[in-house]
Amino acid sequence: MEDQLVHLLSATQTAQEDPRKHAEQQLLSLYGHQELPLGLVGIACNDRVPLNIRQAALLYLKNFVLAGWSNSFDEYKGQILVTDENKAIVRQQMLALATTDQLDRKLKAAAGLVVSKIAISDYPIEWPDLLDHLLQLIPTATDGQLHGILRVLNELVEDCFNENTFFGVAPHMISILYDVAVSDQRKTTLRALACKVFHGCFDMLEMVMEDHKATVKSFADEILKDWTPFFANVLNTRLPDPPSLEEEDHDAPNAEAYKGQIAFKLQVVKVLMRIRSVFPAILSPQSLVLFQATWQELSMLEPAYTLMYIQEDRQSRLEDADGLPYTLDFLILEELDFMQACLRAPPVRAQLEQELQNQTPENSWVTQVMKLAVAYAQITTEEEGLWDVDVNIFLSEETSVTANYTPRTACGDLVIKLGEWLTEPTINGLLTYTRALYSESKGWKAEEAALYILSQLLGDFQDVDKQIGPEAASGYVDFIRYAMQQPDAFLRARGYLVAGSLTRTSGDALQQLATSFLEACLQAIATDASDIVQVSCIRAMQYYLQALPHAITQPLQNNIITAISNYLATQDLQDLDDSQDLMITLVETLRDAILIDTRICITDNALDILFRVASYQANNFQLTMLVTEAFEEVTDTIARMGGDAYVQLCARVLPSLTGAFDVGSLTEENALCNFAADLLAVLAEHGPEPLPTGFVATTMPKITRLLLGSTDEELLKSATTAVKNMISHDPQQLFEWRDDTGKTGLEVALIIVSRLLSSCSDHAAGEVGALAAELVEKAGHERLGPYLEQLLRSVAVRLAEAQQAQFIQSLTLVFARLSLNHASEVVDFLASQDIEGVNGLQVVLAKWLENSISFAGYDEIRQNVIALSKLYDLKDPRLAQVQVQGDLIPNTDGRIMTRSRAKVNPDKFTIVPAPLKILKVLAVELQSASGAPLDTSAAADLADDGSENGDWEDEPNPFIDLGSGFSREQLMAFAAEDPGSGRQRDDETQGFLVDFFKRAAATHGFAEEFAQLTEEEQQRLRDSAA
């Protein structure tokens, strides 16, 4: 059979689709044949078969194992395809292959993966000797065998162990791994791999520690007694000089050795970071030694890093086939992160604080940290090349929206953490080193890096509302001016960026210089030859506009908008589709410039520029949201000016919006239509009452076409909101408008509602309830006539089917808003309806009451509360006959409720009459409206692990950064102040409900209903009445 399998596996490698698919189907048809797994194993072990075929055999064997070895796999096809006898053969031969001495790395990795998949199912019951066999081989294994064994062990640790199996073998396994890691006779890559396996053990220890804290800590304490001193020794071992570029390219022996030593050191640092995250208290006593070793090594490696990445362009971010990173930049990154973590350790802080007392800024350790940070924060040759080609990549790094974490960004984080702890010494240390650096002329990269570190620090100050002192701020002015005038674009750009950032975070210290900085920035947008500098100045402009008084920025508003417009004129916006960060920067700066004085929107084309940028990026949610929010502020501000300001705004804006509908429809660009509909909805929402003459006639034809023809769900929602806002602000104009067939606006609106209710999804029709409610309120019975009952019945029928929470709320509020003034009529109408054989009152009230407590929006919640109180006050016996879900019946079998179990055994509820449910809902709303605090026991749990030592104390809370200095008392106070539900206090609703319950308590039947409330609900009402 092997010959047949080799032929089929070869066919699966072909580029021709039909033969490849045919071979794949034939291989699948052999599932169930006992010869198949044995044949695949035979091919994989046969060194006369081509390597790619052997690899393919192992891939198909892995898929076969997942499909038919055991029912424990998600991919299991429903039938065991291998006999127990053949399983034993496969296990033995695969393990032998995975631990073979001379074997291709990819083959060894694939064989190890098959072994691990089998072990997930069979270890330890059917394969009890697996681990013992592997561990027995290690002491005498050749390097090739050891490599395979460690690969298999790594897979086992990641996938196969559970709490019971792990602790039975962990002491012996970790001891054997230690022997490999400390052995100078082993290759450094193998020692690194042993450390990687050890690193994986901490995932299991962390998981088990939740239930066995003391036992696990004791175990960890014991094993780390040997490992921690070893790690310190590795950190103190100096790396040799780096290989030359030529030696690296030709894989010279010293280049391979260098890679291995980096991989080894890097795995050691990774393990130390993992220990710190799981057992920080165990590592804390050694933190000072580890901190000093890390700092010393970073200092010694700086020349090599500068040579390889700042001066030359060596390959970076590389890892080998075993997943071991081996380039110097990765090691630097890990050590910078570990150094930052060590700064929070109590022994390190105590030592450094003591040293700082006797030091001046010129000789302090803080200044030495700045020297280190600036050295590693220099722009690499690779970054320089990338940023020169694509300014968007530069901006994504600058705005920290990239996932590319580099030594440069790690240095920024390191200095930020230092600044949070020692603010003044950090600022003074950086300023001291910057002075020394600029006096020595170490090159533009180092000068740029010093200002980059400052910009990171200032950005953090801005985030936490902290300011830099006037003296320090003034100390940087000369360096900024110098940078702005340099020939290198990146240093020049950094000068402009820091000037803006420093102005923003120095209070009034630089007010006298701010105008000249702002004007220089504005000039550079127009005249600088570098795209990097121009874009940096556009971004820096935001800092000035946010910080400087209106008197300085207002006279320059036109110039700023013109500068951005001129920059855009030099760009092909269609080519900027992938330049999202650049587009967002342009929009944010344009927004800030417009908001200096929104009157520019009715006297100039500022909004047209904003809309033009957004129209090319209509699919970019973040960008369109920025524009929509800016437009909302513009519209609201102008509408409140009074006079004809809003009319002038409409005259400028509506042609653009209606044109966007036409372009979007022609190009089938739904995102553009959706964006225009959002803006139209905002324009109508903030408009005056009534709207300007002609507003409806200009917009309704386009909106109607979309609402009656489109299938795009988001577009339908936005367009529905636009029509609703027009009816809300000017019903007369809309109802009297006629379309080109002669239908009135009211008829068109009813047709729109009918389509949304009858043929659109819950999401697409999400706003139809609000539209229907406005129609009912504004048109009234007089205009609607017989259509009123048809409309309400359509809403009730659709409510019966609705599943999405927002849609249920939207439809329910139609009846809630009617009930505010016509509760009795609403009950009469619903009681007269038959919906699929069920009384309409039962249908609507069940959906209404069972979803009320999840309603969102303060106005909506308040309307709902008042409407329910009106229904309760009716004391209508028909309401008492309506039975709805009451309280959840708790699950008492003690088993965790998984998804599959929930399908079989769904939640069960008590059944209660509607008036009682209304009281239950209103009791919940009473608590929510009062701004209910977090339960005190939950708050105690939240603060349980807090301490002044941050995350160097067991156990760090995973949800909060205790390193920021929160104390237990602060956390408890925070928990007491902050509503657990996310709802803020609503005094108006709370006052209404307190009055309602006081009034209801005196009515007939309330005492019996009160007795049926839970003890918690009763107490809530007693407290409110007190």
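This talk goes through the chain, its pockets and cavities, and its cysteines.

A word on the source. This is a predicted model, where local features need pLDDT of at least 70 and side-chain atom pairs count only at pLDDT 80 or more, while totals for chains, interfaces and linings use all residues. Residues are numbered from 1 along each chain as its sequence is written, and side-chain values use heavy atoms, with hydrogens and water left out.

The overall layout, then. The chain has 1026 residues, and 54% of them count as buried, meaning under 20% relative accessible area, with exposed over 50% and partly exposed in between, using a 1.4 Å probe and protein chains only. The C-alpha trace spans about 95 × 80 × 70 Å along its principal axes. I count 53 helices and four strands; these are DSSP runs, H or I of at least four residues for helices and E of at least two for strands, numbered from the N terminus.

The domains are domain 1 (1-141), domain 2 (161-358), domain 3 (360-548) and domain 4 (556-633), with bounds from an automatic or database domain assignment. Between domain 1 and domain 3, the C-alpha centres are 56 Å apart. The UniProt record, an unreviewed entry, puts "domain: Importin N-terminal" at residues 23-100; UniProt positions are in the numbering used here, feature names are shortened, and annotations may be inferred rather than shown by experiment. That stretch is 65% helix and 0% strand, and its end C-alpha atoms are 30 Å apart.

Now the pockets. On a 1 Å grid over the protein atoms alone, a pocket is an open set of points with protein on both sides within 12 Å along at least five of seven lines, a cavity is a set where a 1.4 Å probe fits but cannot get out, and lining residues have an atom within 4 Å of a point. Points are joined across faces, edges and corners, and a volume is the space filled by probe spheres set on them.

The largest pocket holds about 1,300 Å³. It has 41 lining residues, and Lys717, Thr721, Lys724, Glu767 and Gln806 are the closest to its centre. By class, that lining has 12 nonpolar, 16 polar and 13 charged residues. Here Ala, Val, Leu, Ile, Met, Phe, Trp, Tyr, Cys and Pro count as nonpolar, Asp, Glu, Lys and Arg as charged, and the others, Gly among them, as polar.

The second largest pocket has about 540 Å³. Of its 28 lining residues, Glu398, Thr399, Ser400, Gln456 and Arg539 are the closest to the centre. H23 contributes the most to this lining, with seven residues.

Next, the cavities. There are two of 30 Å³ or more. The largest is about 60 Å³, and its lining includes Glu383, Trp387, Glu398 and Arg494. Five of its lining residues are charged, three nonpolar and two polar.

Last, the cysteines. Cys45 is partly exposed, at 34% relative accessible area. Cys650 is buried, at 5% relative accessibility. The closest cysteine sulfur to that of Cys650 is in Cys601, 12 Å off, which is too far for a bond.

Notes:
Disulfide = S-S within 2.5 Å.
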